[in-house]
Amino acid sequence: MTSSGGGGGGEKERMTSRGGGGGGGKTVVCVTGASGYVASWLVKLLLLRGYTVRASVRDPSDLNKTKHLLALDGAKERLQLFKADILEEGSFDTEIDGCEGVFHTASPCNLYVTEENARAELIDPAIKGTINVLASCARVTSVRRVVLTSSSSAVIYNGWPRTPDVVVDETWYSTPDVCEKLKVWYPLAKTLAEDAAWKFAKEKGIDMVVMNPAVCIGPLLRPALNVGATEIMKLINGESFRNFSFGWVNIKDAVNAHIQAFEIPSASGRYFLTERVAHLSEIVDIMRKLFPDFRLPEKCEDDKPFMPIYQASKEKAKSIGIDFIPLEQGIKETIESLKDKGLLDC
């Protein structure tokens, strides 16, 4: 399959034993937290490439979380659902044993957790869950590479200026003290979890590559809102837009980058996955052009200067064949998907 993110790059050096069509299902990989937005798309595209996928969910019998996975092309033949808990040590041992690759996406995602609950509900589970999965990888001999889903929020919160002339790339690391000062608990959790992962992987000799995607937008595979779709939903029929700038990336690019990072031997380190940084005012403008009948906010929630945008380096992502889908297309796909899922009345 040709990747939607232009994943033709690195074709000559792609591992024949790790993909290149998946060898009729002979290549077995694991995806943790498979009911999530990124993970669901990972399962979908891995199956389309011919992989056999072992996918972990908290409760395989909960069809609200698994029905969309079981309906994917190739699922009947090559998808195996496992019950696993990232907070339970050894919970992934059976699932991971025999897998050549592990895509670890499972992690708590709560952008609105309070400061009092951040440690117990978000930070500690993110760190412990990541180490538990990596420990399972270290206990087996089959795993060749781990691809860890981190976040752009583990890149940008370091106190350095982020202005239109600044280019952010993979060499940026968020720092815990800045996250704590700003009281941004999700970025703190992702930063600490990624840092713990790198230390553990180095100690155990695990070949690990880390993905740092921005806010993902694009089609939904199940009627549950991810962060990107939630932000777009808030703008529809909203009285005002927040004074906030985000990095944005199409889900297909983010997921294809994960797969390319597994398949291409030279892939290493981190990959900052951002197509564009845009203020919510620009998102409103794009939506107004695409869907002129929508009732969209005309003003910002405050009269302060707009939060600045910055430039996002794409060079390293392009080195593994990712040719980013434009933001406009991602917004269009998101809204059309929201309509198809019955989540929009307009």
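Q: What makes S9 and S11 paired strands in this predicted model?
A: Two strands count as paired if at least two bridges are found between them. Four bridges join strand S9 (residues 245-250) to S11, so the pair meets the definition. The two strands run antiparallel, and Trp248 stands opposite Arg276 in S11.

Q: Why are S8 and S11 said to stand at the edges of the sheet?
A: The open sheet has three strands in the order S8-S9-S11, with mixed pairing. Strand S8 (215-217) and strand S11 (276-279) each have a single partner strand, so one side of each is left without a neighbour in the sheet.

Q: What makes helix H10 a helix that packs on the sheet?
A: Contact means heavy atoms within 4.5 Å. Helix H10 (residues 251-263) touches S8 and S9, and its direction makes about 65° with that of S9. Helix H11 (residues 280-290) also packs on the sheet, touching S9 and S11.

Q: Which residues of helix H2 are called buried, and why are they said to be on the same side?
A: Buried means under 20% relative accessible area. In H2 (residues 63-70), Thr66, His68 and Leu69 are buried. They cover an arc of only 150° around the axis, which puts them on the same side of H2. The buried residues pack against helix H1 (37-48), strand S2 (52-57), helix H3 (75-78) and strand S3 (79-83).

Q: Which exposed residues does the face of H2 turned away from its buried side carry?
A: That face carries Leu63, Asn64 and Lys67. Exposed means over 50% relative accessible area.

Q: What makes the approach of Asp62 to Asn64 a polar contact?
A: The limit for such a pair of N or O atoms is within 3.5 Å. At the start of H2, a side-chain oxygen of Asp62 reaches to within 3.1 Å of the backbone nitrogen of Asn64, so the pair falls inside the limit.

Conventions:
Residues numbered from 1 in each chain as written. Predicted model: local features only at pLDDT ≥ 70, side-chain atom pairs only at ≥ 80, totals over all residues. Heavy atoms only, no water. Buried < 20%, exposed > 50% of the residue type's maximum accessible area, 1.4 Å probe, protein only. Arc of directions from axis to C-beta. Polar contact = N/O pair within 3.5 Å; in protein donor to acceptor, adjacent residues only side chain to side chain. Axes fitted to C-alpha atoms, helices over the stretch in contact; angles between N-to-C directions.
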